[in-house]
Amino acid sequence: MEYLLTGFQHVLTPVTLLWVTVGVTLGYILGALPGLGKATGVAVCIPLTFYLPPVAAIAMLIGIAKGSAAGSAVSAILLNTPGEPSSAPTALDGYPLARQGKAQKALKMGLFASVIGDFLSTLILIALAAPLAQYALLIGPVELCAILLFSLTFIGGLAGRSMLKGLIAAAFGVFFATIGIETETFIPRLTFGLLELDEGISLVPMAIGMLAVAEMVVQGGNARQLDQEAQAFADSSNPDDRRVTWGEWRRCLPVIGRGTLIGAVVGILPGLGASVGSFLSYGATQRASKTPEKFGSGMIEGVAAAESADNAVVPSSFVPLFALGIPGSVIAAILIAALVLHGLTPGPLMFREQPQMVADIYAAMLCASVILLIVGYAGQRLFAQVIRVPIRLIIPGVLFLCCIGAYMETNSIFSIYVMLAFALLGFFSRKLGFSFVTFLIGFVIGPNLELTFRQSLQLLNHDPMRLAGHPIAILFGVLTIVTVALIARSNARLAARQAADSDAVPTQQS
Amino acid sequence: MKKADFVSGLILGVFGLTMLIFVIPAQIETAPEGYISPRLVPNLTMILITGLSALLMLRSLRGIGYTPMDDSSVFFRSEMMALLKISGVFAVSVALFAWSMPLLAGIALIVGTLIALGERRPLVIVVMPTGLLLVVWLVFYRLLGTVIV
Amino acid sequence: MKQTNRRGFLSAAAALMMGLTGLTPAIAQADSYPTRPITMLVGYKAGGQTDLVGRATAKVLSDQLGVPVNVVNKPGGGGVLAAHELKKAKADGYTLLFHANSVINTEPLMLKRVDFVPDDFEYAGMITAYQTALATQKDAPYNTVAEFVAWAKDNPGFSYGALSPTSRMIMEEIAKANNLDVNIVPLKGGGDMLNALLGNQVALVLSGGIHYKYPDQLKSIAALTTFRHPSAPEVETINEAGYQLGMDSRTTLILPMGTPREMLEKLSTALKAAETDETFAKVVAAANIPIMYMDLDQAKAEMQRSYENNKAIMERAGIEPK
């Protein structure tokens, strides 16, 4: 505790605060620009961290992580182009809200949910990093495999109206994740002799293509209609549409609490990631709601659920890093580099040998939360104006940024090809009702799913009876089956209710 | 949607079978003794996809879980046009990138999309690419000192 | 004095040769090299250990040579993609690859599509070595390979974590020699390996050296290099334990074939400065990477030696490139 107080003294200096602010602002802007994101921010900042003092460098990287996670909600809400897969559930309700003229309300809710989730999760990290990490070690490959399978089924079943199509999309995601050199035998799989595919398809250009480029094509096709709508709602006179009302706060606080918890747990476990966290939270909120059928048409709770979990994952993914030296996310891996660069070794020794340094980082993380609130609050007002710009002027800029974001990942034109190929796939899956987000989540956790599956086969010696020694795995196995059954039943009921309503409700395009 | 589901189920089913029978055996070698086959997981996903798409076709044939409004078409003319136009712009831009310089590719991308989407004001067509490229150049090359291309 | 004379003679001869054969003027300017920024390729994503050492090296080179050295990450196939790119690059000294030499002395032996041999490239020097070792939990009841084998005989079906076919091959060779019953669990990357080891999922792993950061929880039972590790000099090497499986890999400055020797010498001298550079020392010390500098001639000899050594090991083990 004393260390933490001293930590604040170290962080609350103009230089460090400046770099935290630079990190948060840069992350927020990059996150808010479609096509750019965390990956871009990190790529441009690694060289910078060489020249900064350790705390400032690390604070800046953490700022980028937090800022981009919150910023990616902006493009998701305003343009329906989530910067990262983890913000895709934000778009599900955020974009309809923006189209109803309530962009500022959605942006504010997204920001508040982000900051609260982020702040609480940081506190969890500070209080419980060491013990939690020890518990996380109990989760071996067998357990992890069951948890991954459960998450994928739950998300696949929930996204979209048809569970069948959701599961097909998820399976496709896992399939695409198997492309590349297989880690055990080094046998190339489905690479068609292309060296570029040896390390598999890169997520960044794939996500940019599916989430942003494909969406821009669809909007390009509906440009006139979208612009007319924008004219109509741009000047909403109701002040309640621009802020979060007390009634909404009351409804959203429990949602944010749950989202934070889900995000924090998901962040600690290896190999799940922010997109799983935000989707689980969104799904859980939808299931718990009294009006699940209204989700997807502009429910403010949807935005709160997704964003709180999305941001809660960031600090808790540092738990395994600080306690054990194992990176839980991409940013955490980069952070190791930054720490090592300044002569620090993340892991159990860091707490003993460098307690002040750890406290400084904690203090910087808490400051970053507060700065995020300020930067985001100032920024969202500005970004909300984007909605007035005619869509035909937005598309060229977005496509251009997408190309830069995709190219920077590997510095090769191959990334652009990947982006375009998946843009095409994204376009058709959008039109045919296959959830492209489920696809992406399948792709993200696919490598871990396969790896843990194969590890489990070896650890269990190909003997199903040995599963008896893994009660957590059995629990999640049962949960998976129950979920499939439950979702199938409630989907059927939902369809029946909509069929009954469809006489009264005017036809909507989805 | 019903008809679209049937067709997409058919296509996916055929795709899955093609993968299982031809592509995976041709593109993934078998592992030596003692290894878990690298084909295992790709095969499993493809079996799942083939099975699920068969189910999808069956359901769409019998009309389970569809509402009357699902009969409407899923593809709109204007969206397909936008797809074609933007694909064309990207084709030109990628070609320029490969055989000419990246700067031209960037200009072609922005200007091409603007024109394809119906922007005709000369001022916008000149100012927008100049502005965007200038900003990118300033931020990445000058401010951050990283080289993109 | 003698040396300057010889160098002068060499460059004169080189210039004459070039004048005669009419090669590109860029090469003729070896004397003034370098005059513009140098691009340093790294075959891993930004943020990894090798990338880190590469960036620290780039800074030293830049300070020594007086021109910027820009790091460009070209991830793919464990460096194979970057090496291919380098092979196509102009041999003018302005494009170089900083990478583990395993991309040349091990990868081609494992992958059919990679056909590099040491003579495909020039080498300006080596700077650090990887401390690969067989690692286990601190409280494991064995400290040497011999003790491990005795333990393994009493515990058939034990789990061994393997990061690559090479690490699998090592265990298979030991198991074959002693008739052990081993369950080989595939692992992916250093983080996964640490998880498995710290979580007691496996009894032994092959580690690239990262386990030395956990002196309280983990230990080595054998160094898999031909030299004993500076981080644990008391631990025997695998060759000393009676298995001829020691393979070395080092971070190397690799250049395209045909780069003039003068340029290589300049880079080699600049690289030597990393040995005593303070920032560089801090970076590698934090990651437990020992500095083992080799100049260009030593590097070339080491490439040849390690390639032959590794090839012999693979042939004995019956490994075919895939």
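These are my notebook entries on what I looked up in this predicted model.

**Ground rules**

I number residues from 1 along each chain as its sequence is written, and chains are lettered from A and ligands numbered from 1 in the order in which they are written. Since this is a predicted model, local features need pLDDT of at least 70 and side-chain atom pairs count only at pLDDT 80 or more, while totals for chains, interfaces and linings use all residues.

**Entry 1: chain C as a whole**

I started with the overall make-up of chain C, which has 12 helices and 11 strands. Helices (H or I, at least four residues) and strands (E, at least two) are DSSP runs, numbered from the N terminus. Of its 322 residues, 52% count as buried. A residue is buried if 20 or more other C-beta atoms lie within 10 Å of its own, exposed if 12 or fewer, and partly exposed in between, with C-beta atoms placed from the backbone.

Next I looked up contacts, meaning two residues whose C-beta atoms, placed from the backbone, lie within 7 Å. Among contacts in chain C between residues at least 6 apart in sequence, 74% join residues at least 24 apart.

Chain C is divided into domain 1 (33–128 + 249–304) and domain 2 (133–223), with bounds that come from an automatic or database domain assignment. Taken over C-alpha atoms, the centres of domain 1 of chain C and domain 2 of chain C are separated by 30 Å. Their contact takes 4 residues from domain 1 of chain C and 5 residues from domain 2 of chain C.

**Entry 2: strand E5 of chain C**

I picked strand E5 (residues 133–137) of chain C and found 4 of its 5 residues buried. What does E5(C) pair with over 3 bridges? That is strand E8 (residues 204–207) of chain C, in the antiparallel sense. There, C:Leu134 stands opposite C:Leu206. E5(C) also pairs in the antiparallel sense with strand E9 (residues 218–223) of chain C, over 5 bridges. In E9(C), C:Leu218 is the bridge partner of C:Gln137. For the record, two strands pair if DSSP finds at least two bridges between them.

**Entry 3: helix H8 of chain C and what comes after**

Helix H8 (residues 165–178) of chain C has 14 residues and reaches 20 Å from its first C-alpha to its last, close to the 20 Å expected at 1.5 Å a residue. The expected span is 1.5 Å times one less than the number of residues. Its buried residues include C:Met169, C:Ile170 and C:Glu172. The buried residues of H8(C) pack against helix H6 (107–110), strand E6 (158–162), strand E7 (182–186), E8 and helix H12 (296–317) of chain C.

Just after H8(C) comes C:Asn179, in the loop between H8 and E7 of chain C. Most residues other than glycine have a negative phi, and most peptide bonds are trans. Is C:Asn179 buried or exposed? C:Asn179 counts as exposed because it has 10 C-beta neighbours inside 10 Å.

I also noted a cis peptide bond joining C:Tyr33 and C:Pro34, with omega about -10 degrees. C:Pro34 is in the loop between helix H2 (25–28) and strand E1 (38–42) of chain C.

**Entry 4: two spots in chain A**

A:Asn80 has a positive phi of about 65 degrees although it is not a glycine. A:Asn80 lies in the loop between helix H4 (54–79) and helix H5 (88–99) of chain A, and counts as buried because it has 22 C-beta neighbours inside 10 Å.

A:Glu143 is in helix H7 (residues 141–158) of chain A. Why does A:Glu143 count as buried? It has 20 C-beta neighbours inside 10 Å. Leaving out residues up to four places away in sequence, A:Glu143 touches A:His470, A:Ile472 and A:Ala473.

**Entry 5: chain B**

Helix H4 (residues 102–116) of chain B has 15 residues and reaches 21 Å from its first C-alpha to its last. Among its buried residues are B:Leu109, B:Ile110 and B:Leu114. Just after H4(B), B:Gly118 takes a positive phi of about 95 degrees.

UniProt, in an unreviewed entry, lists residues 7–28, 40–61, 82–111 and 123–144 of chain B under "transmembrane region"; such annotations may be inferred rather than shown by experiment. Over residues 7–28 of chain B the chain is 95% helix, and the end C-alpha atoms are 29 Å apart.
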